[in-house]
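Student: I would like to go through a protein structure with you. Could we take it one topic at a time?

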Amino acid sequence: MEKQAPTEFEVLGSSGCTWSSRALRKSQGWGDFPGPDDATIFLPADSTSFKAVEATVHAKPEKFGEQAGIYAYAGAESSWVKFVVDGASDDGATMLILAFQNEDCVPTVVGKVLLDHDRTGNGISLKMIRDTATTRNVFCMWKEVGSDPESEWKPMMIKGEKENELERKLDRVCVPLPKVDWNLALIAECWKAPTPVQFSNVKVQTQTTC
């Protein structure tokens, strides 16, 4: 079944952060920032009911690390999976990032795709889908807004190291979901200034549970 979430949201990008833990970020000189609770929108799906979600992100990060997107989220001081539009540098370069963090607050970047910054303001459509072969994993896909409506969604592919920790599924990579209870969320984190971020075309699919 499909739960009808509101189709559009707007938040101000938060200075809060989910990467690693607050204590570790502070010790490494990142600053003492809490989680991005002020820019977190919870959607009607959780660890037991989630099947798939789609959202178009309208954001143009100008600084490294400014990001917004879809999260399977157990908390800022816990585990998560995130699929986000992310600032790749301080000169406006933009990329897609697929990453996860385990229960020990150790994060891993799995996928990375550089984007055309001039086109990201039109929106990047993101999908996170639960793998039907094992409900413990998700895979992610993306498409630029304004591209051919008939064009296929592009799968996020594995990048960098850590491949041995992940499960290959043909032309995509599956990422492990948090082992603890989590909620589906839209988050805009690590923004240097409170910049408006829009999420449109939000669609949530859930599965019937016994």
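Tutor: The conversation below moves from the overall chain to the core, the aromatic rings and the salt bridges. Please keep in mind that this is a predicted model.

Student: How many helices and strands are in the chain?

Tutor: The chain has 15 strands and 2 helices.

Student: And what share of the residues counts as buried?

Tutor: Of the 210 residues, 52% count as buried. The chain exposes about 10200 Å², and carbon and sulfur atoms supply 50% of that area.

Student: What about contacts between residues that are apart in sequence?

Tutor: If we take contacts between residues at least 6 apart in sequence, 67% of them join residues at least 24 apart.

Student: Let us turn to the core. Which residues touch the most other members of the largest nonpolar core?

Tutor: They are M128 and F199, in a core of 41 residues.

Student: What is M128 in contact with, leaving aside its neighbours within four places in sequence?

Tutor: Its contacts include F50, A52, V53, I70 and A72. V81, F83, V138, F139 and C140 are also in contact with M128. There is also a second, separate core of 10 residues, and A76, W80, I97 and I187 are among them.

Student: Now the rings. How many aromatic pairs does the structure hold?

Tutor: It holds 4 aromatic pairs. In one of them, the ring centres of W19 and W80 are 6.0 Å apart and the planes stand at 40 degrees, so this pair is tilted.

Student: Where in the chain are W19 and W80?

Tutor: W19 is in the loop between strand 2 and helix 1, while W80 is in strand 6. The two residues are 61 residues apart, and their pair links distant parts of the chain.

Student: Is W80 buried or exposed?

Tutor: W80 counts as buried, because its relative accessibility is 0% and the cut-off for buried is under 20%. W19, in contrast, is partly exposed, at a relative accessible area of 23%.

Student: Why is the pair of F50 and W182 edge-to-face?

Tutor: The planes of the two rings are at 70 degrees, and an angle over 60 counts as edge-to-face. Their centres are 5.7 Å apart. F50 belongs to strand 4, and W182 sits in the loop between strand 13 and strand 14, 132 residues apart. Both F50 and W182 are buried.

Student: Which residues form an aromatic cluster?

Tutor: F42, Y71 and Y73 form one aromatic cluster.

Student: A change of topic: how many salt bridges are there?

Tutor: There are 3 salt bridges. In one, the side chains of R22 and D32 meet at 2.7 Å, N to O. R22 is in helix 1, and D32 is in the loop between helix 1 and strand 3.

Student: What else does D32 form a salt bridge with?

Tutor: D32 also forms one with K26, where the closest N and O atoms are 4.0 Å apart. K26 is exposed, with a relative accessible area of 52%, whereas D32 is partly exposed at 40%.

Student: Which residue forms a salt bridge with K82?

Tutor: That partner is E189, with the closest N and O atoms 3.6 Å apart. E189 lies in strand 14 and K82 in strand 6, so the pair ties together parts that are 107 residues apart in sequence. E189 is buried, with a relative accessible area of 0%, and K82 is buried too, at 2%.

Student: Which residues do shared partners join into one network?

Tutor: Salt bridges with shared partners join R22, K26 and D32 into one network.

Terms used
Residues numbered from 1 in each chain as written. Predicted model: local features only at pLDDT ≥ 70, side-chain atom pairs only at ≥ 80, totals over all residues. Heavy atoms only, no water. Core = buried A, V, L, I, M, F, W, Y, C linked by side-chain atoms within 4.5 Å. Buried < 20%, exposed > 50% of the residue type's maximum accessible area, 1.4 Å probe, protein only. Contact = heavy atoms within 4.5 Å. Phe/Tyr/Trp six-rings, centres within 6.5 Å; stacked < 30°, edge-to-face > 60°. Helix = DSSP H or I, 4+ residues; strand = E, 2+ residues; numbered from the N terminus. Areas by Shrake-Rupley, 256 points an atom, 1.4 Å probe, with all protein chains shown as cover.
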